[in-house]
Amino acid sequence: MDGTEANYNRIKNYVGNVDNPYARVINNIKLLLERGVSVSIRLNCDLDNCEDLKKLVIEIDKTITENRDFLSMYVFQIFGEREPDYNTKLFQEL
């Protein structure tokens with residue numbers, strides 16, 4: 001995922017008959033978790049969206065409350081050089 005709802009929809013620039021792609025993704029994650037399917041969310045980090053990803057993690061934490069043992073998230077930096085332990089740093093700040 002690329003960020004909170006507004007950023008996700010903007011970055012993905014969806015067209016067609018999907019009213020709210022972000023809501024659809026969140027709903028699908030919930031459905032999978034309800035069925036006991038493990039879900040791993042990759043948080044795509046670039047030079048401009050790190051702060052928004054922090055908000056996304058908090059939002060997901062509040063929104064997805066069932067079967068959280070089946071949910072994991074990790075950060076993947078998609079541009080620029082990667083810092084060592086980038087995932088750990090981002091989540092420690094929360």
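How many helices and strands does the chain have?

## Overall architecture

In this predicted model, the chain contains 4 helices and 2 strands. Read from the N terminus, these elements follow the order α-α-β-α-β-α.

Of the 94 residues of the chain, 31% are classed as buried. The accessible surface amounts to about 6,300 Å², and carbon and sulfur atoms account for 47% of that area. Among contacts between residues at least 6 apart in sequence, 63% link residues at least 24 apart.

## Nonpolar core

The largest nonpolar core comprises 17 residues, of which Met1, Ile29, Ile41, Leu43, Leu56, Ile60 and Leu71 touch the most other members. Two or more residues of this core are contributed by each of α2 (21–34), β1 (39–45), α3 and β2.

Leu56 illustrates the contacts made by one of these core residues. When neighbours within four places in sequence are set aside, Leu56 is in contact with Met1, Gly3, Thr4, Tyr22 and Leu43.

## Surface patch

Leu47, Ile78 and Phe79 make up a nonpolar patch on the surface, and together they have about 320 Å² of accessible area. Phe79 is located in the loop between β2 and α4 (86–92). This residue counts as partly exposed because its relative accessibility is 48%, which falls between the limits of 20% for buried and 50% for exposed.

## Backbone at Asn67

The loop between α3 (50–63) and β2 (71–77) contains Asn67. Most residues other than glycine have a negative phi. Asn67, however, has a positive phi, near 50°. With a relative accessibility of 33%, Asn67 is therefore partly exposed.

Note on methods: Residues numbered from 1 in each chain as written. Predicted model: local features only at pLDDT ≥ 70, side-chain atom pairs only at ≥ 80, totals over all residues. Heavy atoms only, no water. Buried < 20%, exposed > 50% of the residue type's maximum accessible area, 1.4 Å probe, protein only. Patch = residues over 30% accessible without salt bridge, like charges linked within 9 Å, V, L, I, M, F, W, Y side chains within 5 Å. Areas by Shrake-Rupley, 256 points an atom, 1.4 Å probe, with all protein chains shown as cover. Salt bridge = Lys/Arg side-chain N within 4 Å of Asp/Glu carboxyl O. Core = buried A, V, L, I, M, F, W, Y, C linked by side-chain atoms within 4.5 Å. Contact = heavy atoms within 4.5 Å.
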